[in-house]
Amino acid sequence: MASSDTKSGLTDTRQARSDGNLQTAGLEAGLDALENVATTRTPFSVTFRAKILPPLIATGVVLLVWQALITFNVVTDPTKLPSPGDVATEFKDAWLEGKLLGYIWTSVERGLLGFLLALAIGTPLGLIVARVKFVRAAIGPVLSGLQSLPSVAWVPPAVLWLGLNNSMMYAVILLGAVPSIANGLVSGIDQVPPLFLRAGRTMGATGWKGAWHIVLPASLPGYLAGLKQGWAFSWRSLMAAEIIASSPDLGIGLGALLENGRNASSMPMIFEAIFLILFVGIAVDLLVFSPLERRVLRSRGLLVKS
Amino acid sequence: MATAVAKAGPAESVEYAARIEHVSKSFAGPVGRQLVLDDITLDVAPGEFVTLLGASGCGKSTLLNLVAGLDDPSSGSIKTDGRPSLMFQEHALFPWLTAGKNIELALKLGGVAKNDRRERAEELLTLVRLQGSYDKRVHELSGGMRQRVALARALAQESRLLLMDEPFAALDAITRDVLHDELTRIWAETGVSVLFVTHNVREAVRLAQRVVLLSSRPGRIAREWTVEIPQPRRIEDAPVAELSIEITEQLRGEIRRHGQQ
């Protein structure tokens with residue numbers, strides 16, 4: 001096996017032993033280099049073609065079909081389907097009157113504030129439900145059941161309890177979003193691999209230290225998914241509340257704009273409101289939650305390139 | 001709560017890294033209580049390298065969990081010199097932290113002052129020959145590198161006893177060979193005591209000063225061998241192979257008994 005005329009040292013047992021330490025170091029460096037996976041970021045042009053171009057094309061197609069329905073007189077009644085131009089004019093007028101941003105901000109401010117409140121309540125609630133067996137048995141099923149209850153159902157009681165004011169809006173948002181956020185955290189914690197908990201315990205991370213150093217960071221992906229869903233629920237709940245409970249004192253948010261459109265039988269205004277509601281929902285997801293989620297997943301190597 | 005694991009302070013001079021006395025462990029199984037470990041008595045001396053060897057069902061991982069204080073024995077007592085650190089077959093590194101921060105977390109939980117942690121973590125990375133990998137994410141490391149970071153993290157706990165639960169079983173053979181060399185070197189450099197569980201006879205002989213063979217169902221100590229082959233050994237060395245054959249024969253004998261019952 002060992003031949004003396006080779007200088008490689010790998011086959012020469014004696015030599016390998018004499019400077020085995022050095023040998024191992026070199027061998028190890030070689031193994032590491034062989035197994036190293038190069039991680040490169042995709043160039044923007046590729047991202048543009050794969051991720052940005054398709055939705056732009058889809059939007060263009062929808063606009064084209066819409067315009068075609070009007071141009072070729074498939075739909076002739078403008079009170080049923082306004083032309084894209086009419087809706088654009090509606091947007092332009094609202095912008096020129098300086099009201100457009102006001103509509104958006106009225107709703108977004110409520111939505112964000114409500115969401116932050118829901119976050120502050122849902123997080124500790126989720127922690128307690130996940131960690132305390134009795135609480136989990138007691139309210140766990142109700143908490144997940146609440147997710148299937150449309151939040152619009154909370155509007156009538158909230159109006160009667162709190163009156164037509166901002167508190168009522170926040171109450172509806174909380175009832176819609178808190179269960180989502182709490183549930184997200186619970187499922188995130190449930191999915192923490194037991195191995196991490198064992199590893200943490202041998203390192204002395206028990207009790208609160210364990211929760212802070214191991215359980216919470218390990219459950220972050222599930223928690224973020226819960227937050228994302230919580231935001232969607234906040235936004236939907238708020239729109240339901242604004243549509244049903246529109247009152248001049250409350251200012252005109254997007255839900256109220258929609259309701260005003262209905263009262264004025266103005267289809268362009270209704271379309272304007274729907275587009276704005278959709279726009280805000282997508283924008284918040286795209287600008288806040290998706291980047292946050294991607295960042296967390298990428299740093300953990302959980303983002304699979306497709 | 002590990003009540004049976006008494007923590008010996010440094011003031012008390014101890015002549016063992018771990019002392020396992022008449023330990024039995026049974027679990028509630030489908031057919032009544034099942035005895036997994038039966039009257040195990042074993043000492044690991046300070047600085048000693050002991051491998052626990054056995055086929056499936058010998059309770060070797062259970063025994064390691066008991067020593068680690070993750071579970072309590074049904075009877076008997078286990079004493080260790082401080083809290084042991086534990087390394088698993090899976091690297092168990094936290095994916096939300098970098099390699100360096102994984103080690104720093106162990107240092108932090110062990111009470112090392114904030115200012116010293118970074119330097120100590122770099123030292124430990126150098127010890128496992130991963131200098132320059134401080135900022136690497138776990139998923140950017142190969143299997144062998146992950147286990148070396150895991151080893152560095154276990155060493156960061158400054159425990160006098162390192163428990164290893166088949167830490168190289170999931171690695172490819174080439175990497176495993178290299179890590180055997182590394183473990184032998186680090187053991188000699190740090191003077192830590194090691195209790196190493198494996199089902200690989202040659203690995204046991206390659207690494208240990210003492211090989212303890214456990215029988216299966218229930219796990220009992222079947223036989224012990226003192227390995228006097230000088231380090232550094234190679235897994236291909238003739239004396240290693242010779243002793244491995246002897247141990248394997250005994251191990252197979254233990255396994256055959258189960259077929260005859």
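Across the interface of chain B and chain A, 1 salt bridge is found (a side-chain nitrogen of Lys or Arg within 4 Å of a carboxyl oxygen of Asp or Glu). The side chains of R148(B) and D32(A) meet in a salt bridge, at 3.0 Å from N to O. The model is predicted: local features need pLDDT of at least 70, side-chain atom pairs count only at pLDDT 80 or more, and totals for chains, interfaces and linings use all residues. Residues are numbered from 1 along each chain as its sequence is written, chains are lettered from A and ligands numbered from 1 in the order in which they are written, and side-chain values use heavy atoms, with hydrogens and water left out.

The interface also holds 7 residue pairs in polar contact, both residues at pLDDT 80 or more. A polar contact is a pair of N or O atoms within 3.5 Å; within protein, one must be able to donate a hydrogen and the other to accept it, and residues adjacent in sequence count only if both atoms are side-chain atoms. On the side of chain B that touches chain A, the elements giving two or more residues are α2 (99-109), α4 and α5 of chain B. The largest share, 7 residues, comes from α5(B). Helices (H or I, at least four residues) and strands (E, at least two) are DSSP runs, numbered from the N terminus.

In total, 40 residues of chain B are in contact with 34 residues of chain A (heavy atoms within 4.5 Å). The area buried between the two chains is about 3,300 Å², and carbon and sulfur atoms give 60% of this. Buried area is the accessible area (1.4 Å probe) that two parts lose on being put together, summed over both. In chain B, L70(B), W96(B) and L109(B) lose the most area to chain A, together 21% of what that side buries.

Chain B contains an open sheet of 6 strands with mixed pairing, in the order β6-β7-β8-β4-β9-β10. Two strands pair if DSSP finds at least two bridges between them. At the edges stand β6 (85-87) and β10 of chain B; each has a single partner strand, so one side of each is left without a neighbour in the sheet. Neighbouring strands are turned by 20° against each other on average, direction ignored. Strands β4 (residues 49-53) and β9 (residues 210-215) of chain B pair in the parallel sense over 4 bridges. In β9(B), V212(B) is the bridge partner of L52(B). Helix α7(B) packs on the sheet and touches β4, β9 and β10 of chain B; its direction makes about 170° with that of β10(B). Axes are lines fitted to C-alpha atoms, for helices over the stretch in contact, and angles run from 0 to 180 degrees between N-to-C directions.

Over all chains, the structure holds 23 salt bridges. One joins the side chains of E48(B) and R210(B), at 2.7 Å from N to O. E48(B) lies in the loop between β3 (32-44) and β4 of chain B and R210(B) in strand β9 of chain B, so the pair ties together parts that are 162 residues apart in sequence. Both E48(B) and R210(B) are buried (under 20% relative accessible area, with exposed over 50% and partly exposed in between; 1.4 Å probe, protein chains only).
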